[in-house]
Amino acid sequence: MRVEVVIAWPDHAAARQLELADGATVAEAIAAADLPGAEQAAGVAVHGNVARPQQALRDGDRVELLRPLLADPKEARRRRAGPAAGPRRG
């Protein structure tokens, strides 16, 4: 089966097309791709959905290595809203 493994960092991006045996896992695809920076990935997704290393892949899947978040999304929203927003009451 054919799968693609991709990684995108601020300073570089890379992708590898692989031919793997049927039933190959996410972890096996990442190891076979041998992409630079893969060891720093904060997580893995398949077609944008969070995936576990032992998850089996299907033909045509795209494995995405996710970089760590630079800021907590909830905290960033609070800063954008500012102090005037205050707590909401329902």
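**Salt bridges**

Author: Glutamate 19 is exposed, with a relative accessibility of 54%; buried means under 20% relative accessible area, exposed over 50%, and partly exposed in between (1.4 Å probe, protein chains only). This is a predicted model, in which local features need pLDDT of at least 70 and side-chain atom pairs count only at pLDDT 80 or more, while totals for chains, interfaces and linings use all residues. Residues are numbered from 1 along each chain as its sequence is written, and side-chain values use heavy atoms, with hydrogens and water left out.

The whole structure contains 3 salt bridges, a salt bridge being a side-chain nitrogen of Lys or Arg within 4 Å of a carboxyl oxygen of Asp or Glu. Glutamate 19 takes part in one of them with arginine 2, where the closest N and O atoms are 3.4 Å apart. This pair links distant parts of the chain, 17 residues apart: arginine 2 lies in strand E1 (residues 2-8) and glutamate 19 in strand E2 (residues 13-19). Helices (H or I, at least four residues) and strands (E, at least two) are DSSP runs, numbered from the N terminus. Arginine 2 is partly exposed at 43%.

Arginine 62 and glutamate 64 form another salt bridge, with an N to O distance of 2.3 Å. Here arginine 62 is partly exposed, at 33% relative accessible area, whereas glutamate 64 is buried at 13%.

Glutamate 75 is paired with arginine 78 in a salt bridge whose closest N and O atoms are 3.4 Å apart. Both belong to helix H2 (residues 73-81), and because they are 3 residues apart there, about one helical turn separates them. Glutamate 75 is partly exposed, with a relative accessible area of 33%.
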